[in-house]
Amino acid sequence: MFAITPNTLSNFMISLSRYVILLSLVLIGVSIFLIIFLENDYYQGISFKIMFIHVPTAWLSLTIFLVMGVCSIIGLIFKSPTAFTVARSLSPIGLIMSIIVLVTGSIWGNLTWGAYWVWDARLTSMLILAFIYLGHILLLHSFEHFQKADFAASILAIIGLVNLPIVKFSVDWWTTLHQESSVLRIGGPSMTNDYLITLLVSFFGIFMLTIFWFSNIFYIIVEKRKVERSKLLND
Amino acid sequence: MRIIKLNNQIKKRFIFLLIIFVCFSASIFLISYSLKDQIAYFVEPTDLKNMDGIENKYLRVGGLVKTNSLKFLDGNWIFEVIDQNQNSVNVVFSKTLPNLVEENKGIIVEGKFIDNIFVAEIVLAKHDENYMPQSAIDKLKEEGKWRGN
């Protein structure tokens, strides 16, 4: 983060991106195959299969915010342009992920609970996370100089880090309609191995897709800045 | 000389961020701690024993549907919501139940107490975090390890 320039990171990721997208498509294909042929849950029937999109995107939306927050801290303390650019290119992906979580979650909720939306702690804190992502993107686009935008958005990302443990542990701290964690919990996963393997394959597929998407956004930002800089020099 | 100056600046920025983060998390902690009764989505039948003036107050009560208590009488669903301490609440509900409401499964009822009977306006099914196929349950039943209905 300190010695790596945005340019080297961008070149490195673009050189790997064709393998990343290939791996991602293979994993997603395998997971779709597994999801179709998986036996239904004894209680929820087929509707529980939406979990294989809902849970990976939920993990990713939290992880992306954690990376964004850490990069913002590094960027602010060490004045690292690479860290700022990483945070800048992650927030649209995080927003899309959290919107997918909310949409799939409310479909699943309607099928099982009998309601699209309730104001319990988990759902509300997840909505707040989506709004922080939105605020981050808006802040990045509301300054003329990108250094100022990076500074303001980083402060928001660092403040938003407080929300992460609230989203994760809301189901343990308060009574909620949302069920508790099934995989990352004390006492091991509370699902059978075939479900767990499908969930992990699906997660890594979406994770690789996220990496691919991230490297493309990062590349575009770096190239745009190069063009702007050369224009300034020519003037 | 220059390195020392840079380190000082880094230290300063670090402390600045630490103060922001600590102040903000402390304020969030205090808010959520003082609002913890409002953030909780439902109360259990045991909590109702210690609450005053629950008559005619809009509440959410959660627990399990007691085994052999779910009945359909005169156009109303009648059942008992029970918790781990075996305290229960009698519930009447006049609309359609969600698909997943079953005996010995989680439920949340929303409504008021009228003459010691909970008249529910909204009923939500609460499923737990366990997922398994029917074949796994059959296997557990054969081994005699299955605890459920």
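Colleague: Which residue in S3(B) stands opposite B:Leu73?

Modeller: This is a predicted model, in which local features need pLDDT of at least 70 and side-chain atom pairs count only at pLDDT 80 or more, while totals for chains, interfaces and linings use all residues. Residues are numbered from 1 along each chain as its sequence is written, and chains are lettered from A and ligands numbered from 1 in the order in which they are written. Strand S2 (residues 71-73) of chain B pairs with S3(B) in the antiparallel sense over three bridges, where strands (E, at least two residues) and helices (H or I, at least four) are DSSP runs numbered from the N terminus, and two strands pair if DSSP finds at least two bridges between them. The residue opposite B:Leu73 in S3(B) is B:Asn76.

Colleague: Which residue takes a positive phi in the hairpin of S2(B) and S3(B)?

Modeller: The hairpin of S2(B) and S3(B) has two residues between the strands. The residue with a positive phi there, near 50°, is B:Asp74.

Colleague: How many bridges join S3(B) to strand S4 of chain B?

Modeller: S3(B), residues 76-82, also pairs with strand S1 (residues 59-65) of chain B, in the antiparallel sense over two bridges. In that pairing B:Val65 stands opposite B:Val81. On S4(B), B:Asn90 is the bridge partner of B:Glu80. S3(B) and S4(B) (residues 88-93) run antiparallel, and the number of bridges joining them is six.

Colleague: Is B:Gln86 buried or exposed?

Modeller: B:Gln86 sits in the turn of the hairpin formed by S3(B) and S4(B), with five residues between the strands. Its phi is near 65°, a positive value in a residue other than glycine. The cut-offs on C-beta atoms, placed from the backbone, are 20 or more others within 10 Å for buried, 12 or fewer for exposed, and partly exposed in between. B:Gln86 has 9 C-beta neighbours inside 10 Å, so the class is exposed.

Colleague: Where does B:Asn104 lie?

Modeller: B:Asn104 is not a glycine, yet has a positive phi of about 65°. With 14 other C-beta atoms within 10 Å, B:Asn104 is partly exposed. Its place is the loop between S4 and strand S5 (106-114) of chain B.

Colleague: Why do the buried residues of H6(A) line one face of the helix?

Modeller: In helix H6 (residues 163-173) of chain A, the buried residues are A:Asn163, A:Ile166, A:Val167 and A:Ser170. Seen down the axis of H6(A), they line one face of the helix because they fall within an arc, taken from the directions from the helix axis to the C-beta atoms, of 100°.

Colleague: Which helices do the buried residues of H6(A) pack against?

Modeller: Contact here requires C-beta atoms, placed from the backbone, within 7 Å of each other. The helices that the buried residues of H6(A) pack against, in chain A, are H2 (51-78), H4 (121-140) and H5 (146-160).

Colleague: Which residues does A:Thr104 contact, leaving aside its neighbours within four places in sequence?

Modeller: A:Thr104 lies in helix H3 (residues 81-112) of chain A. It is partly exposed, with 18 other C-beta atoms within 10 Å. Leaving aside those sequence neighbours, its contacts are A:Ile50, A:Ile53 and A:His54.

Colleague: Which element gives the largest share of the side of chain B that touches chain A?

Modeller: 33 residues of chain B are in contact with 32 residues of chain A. Helix H1 (2-34), helix H2 (36-39), strand S6 (117-126) and helix H4 (134-143) of chain B each supply at least two residues of that side. The largest share, nine residues, comes from H1(B).

Colleague: How far apart are the centres of domain 1 and domain 2 of chain B?

Modeller: The domain assignment, which is automatic or from a database, gives domain 1 (2-38) and domain 2 (42-126) in chain B. Taken over C-alpha atoms, the separation of their centres is 44 Å.

Definitions and conventions: Contact = placed C-beta atoms within 7 Å.
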